[in-house]
Amino acid sequence: MESPEQIKARAEAALPGVKIDIVPNGSPSRQLSLLIDNEHALAVARFLRDDLALRLDFCSNVTGIDWLDRTVKKTVKVKKTIDGEEKEVDQTTEEKISGYLEAVYHLYSMTQKHGPVVIRMRTTDRAEGVRLPSLTPIWRSAEFQEREIFDLYGVRFDGHLDLRRILMWDEFVDHPMRKDYREADDYEYEPTPHDDVLERAKQHYAPRPQLDGAEKITATDLHG
Amino acid sequence: MSEIDEGLRAELQRQGVWVTSMQELYNWGRKNSIWPLQFGLACCAIEMIATAASRYDIARFGGEVFRPSPRQADLMIVAGTVTKKMAPQIVRLYNQMPDPKYVISMGACAISGGPFKQGYNVLKGIDRYIPVDVYIPGCPPRPEALLHAFMELQRKIDSQKLTGATKAEHLTAAQPSEFPVPAFGEHDLEPPANPNVFQPPKVEREG
């Protein structure tokens with residue numbers, strides 16, 4: 001199968017105005033993915049599906065990622081003249097990246113028997129601009145999974161015919177897979193709280209460090 | 001209704017006279033024909049199916065008649081994870097069952113939420129909304145454990161009184177047989193538990 005760079009070059013040549021970025025992958029797999037711009041996403045998706053060499057006719061998986069605001073540190077070696085000597089010095093630059101939501105599609109070809117090609121789309125932010133074009137018109141199998149991303153991450157897919165919640169109930173307003181999601185405080189009791197649950201338990205009971213772990217636990221008898 | 005002296009009964013039985021009481025006969029019939037409601041929620045249901053199949057054969061205990069309608073069922077086996085989206089339907093099914101009705105909470109999830117306890121979508125035990133008679137721990141419990149729970153339930157039914165001050169709860173008119181169905185709220189089920197059915201254990205801190 002063609003490399004992501006080749007796919008990018010051919011798609012950009014075939015479709016005027018399209019811009020595809022390659023997302024680097026530092027893991028041992030080095031599986032690169034194609035970041036496509038939202039405006040031309042449908043055209044690129046149609047190209048990937050219909051191109052005779054690629055024929056990516058099967059969308060096996062669609063998932064979401066929530067990226068919070070983050071700073072990326074980059075270390076670059078810079079030549080500097082210190083006390084008349086030229087030395088190589090590490091220079092660290094910090095880049096602030098504001099948060100966004102991402103949808104990731106894994107594509108395979110049943111006819112050519114190759115894959116996966118990973119494509120990504122990003123929203124502009126995490127609050128107002130959480131809109132992405134739906135790729136359901138290209139791959140029907142994306143329908144339920146886009147609904148799941150809408151349900152759990154809150155990404156609105158334009159062009160999706162039936163964008164409803166799929167796992168949570170319709171009255172639910174939160175998006176549980178977002179990293180800043182805080183679940184409803186339904187703490188009851190824990191016999192042996194630890195870690196996060198211990199922190200939550202402390203909010204409900206006054207801490208008494210001299211008795212920590214020595215609580216007397218009694219069950220309330222409903223019928224007695 | 002007086003209890004029959006065991007010695008006298010044995011003596012009479014030797015002479016070909018079988019003496020029983022209305023309560024014993026009634027409970028004997030009830031405990032040997034417990035019809036479970038036919039539904040499963042997760043992997044525990046597979047063990048429940050195995051219990052009903054020939055190797056473990058719940059028919060030996062009179063419980064093989066899994067009913068597809070709550071109106072014909074005596075026993076609700078909550079077999080599996082109860083998600084918050086499913087909980088109102090479970091309570092509604094329980095409400096549609098006729099008295100006397102019993103509930104077996106099968107497996108860690110149905111008891112407390114199990115491995116999914118802190119999840120945003122999982123109920124922390126079905127006993128928050130309906131009364132449970134027998135709890136079976138396990139993930140999932142083996143068919144033997146379900147049979148054990150079944151026998152415990154039979155023991156409970158056998159010991160229920162029909163009259164007097166200590167008669168069975170379902171024979172008391174004031175005892176509720178239906179429980180409020182929780183509503184889907186914006187962040188959680190409303191209410192998150194029925195306080196008349198469930199109270200969390202109190203942690204008493206001394207000193």
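The following dialogue goes through selected features of a predicted model.

Visitor: How is a pair of aromatic rings described?

Guide: Two quantities describe such a pair: the distance of the ring centres and the angle of the planes. In this model the count comes to six aromatic pairs over all chains. Y181(A) and Y120(B) form one that is edge-to-face, with 6.1 Å centre to centre and 80° between the planes.

Visitor: Where do Y181(A) and Y120(B) lie?

Guide: Y181(A) is in the loop between β9 (156-158) and α4 (195-204) of chain A, and Y120(B) is in the loop between α5 (107-112) and β3 (134-136) of chain B, so the pair joins two chains. Y181(A) has 14% relative accessibility and therefore counts as buried.

Visitor: How are the rings of Y94(B) and F179(B) arranged, and where in the chain does each residue lie?

Guide: Y94(B) and F179(B) form a tilted pair, 6.1 Å centre to centre with 40° between the planes. This pair links distant parts of the chain: Y94(B) belongs to helix α4 (residues 87-96) of chain B, while F179(B) lies in the loop between α6 (143-159) and β4 (183-184) of chain B, 85 residues apart. Both Y94(B) and F179(B) are buried.

Visitor: Which residues do ring pairs link into a cluster?

Guide: The cluster consists of W169(A), F172(A) and F184(B), linked by ring pairs.

Visitor: Which charged residues sit over rings?

Guide: In chain A, the charged end of R147(A) sits over the ring of F144(A), 5.5 Å from its centre. In chain B, R128(B) lies over the face of F198(B), at 3.9 Å from the ring centre.

Visitor: Is R165(A) buried or exposed, and what does its side chain meet?

Guide: R165(A), in the loop between β9 and α4 of chain A, has 10% relative accessibility and so counts as buried. A polar atom of the R165(A) side chain lies 3.0 Å from the backbone oxygen of F172(A), and one lies 2.8 Å from the backbone oxygen of D174(A). Leaving aside neighbours within four places in sequence, the residues in contact with R165(A) include R147(A), F150(A) and D151(A).

Visitor: Which polar contacts does the side chain of E102(A) make?

Guide: E102(A) lies in strand β6 (residues 100-109) of chain A and, at 0% relative accessibility, counts as buried. Its side chain makes a polar contact of 2.7 Å with the side chain of R120(A), and one of 3.3 Å joins E102(A) to the side chain of W67(A).

Visitor: How are two packed helices described?

Guide: The description rests on the angle between the axes and the distance between them. Helix α3 (residues 44-52) of chain B and α6(B) pack at about 75°, with their axes 9 Å apart. That angle makes α3(B) roughly perpendicular to α6(B). The contact is made by E47(B), M48(B), A50(B) and T51(B) of α3(B), together with P143(B), L146(B) and L147(B) of α6(B).

Visitor: Where are cis peptide bonds found in chain B?

Guide: The bond from D99(B) to P100(B) is cis, with omega near -10°; P100(B) lies in the loop between α4 and β2 (102-106) of chain B. A cis bond also joins E190(B) and P191(B), where omega is about -5°.

Visitor: Which residues have a positive phi although they are not glycine?

Guide: Among them are R55(A), with phi of about 50°, and K113(A), with phi of about 55°. R55(A) is partly exposed, with a relative accessible area of 35%, whereas K113(A) is exposed, with 71%.

Technical notes: Residues numbered from 1 in each chain as written. Chains lettered and ligands numbered in written order. Predicted model: local features only at pLDDT ≥ 70, side-chain atom pairs only at ≥ 80, totals over all residues. Heavy atoms only, no water. Phe/Tyr/Trp six-rings, centres within 6.5 Å; stacked < 30°, edge-to-face > 60°. Helix = DSSP H or I, 4+ residues; strand = E, 2+ residues; numbered from the N terminus. Buried < 20%, exposed > 50% of the residue type's maximum accessible area, 1.4 Å probe, protein only. Lys NZ or Arg CZ within 6 Å of the ring centre and 35° of its normal. Polar contact = N/O pair within 3.5 Å; in protein donor to acceptor, adjacent residues only side chain to side chain. Contact = heavy atoms within 4.5 Å. Axes fitted to C-alpha atoms, helices over the stretch in contact; angles between N-to-C directions. Parallel < 35°, antiparallel > 145°, perpendicular 65-115°, else oblique.
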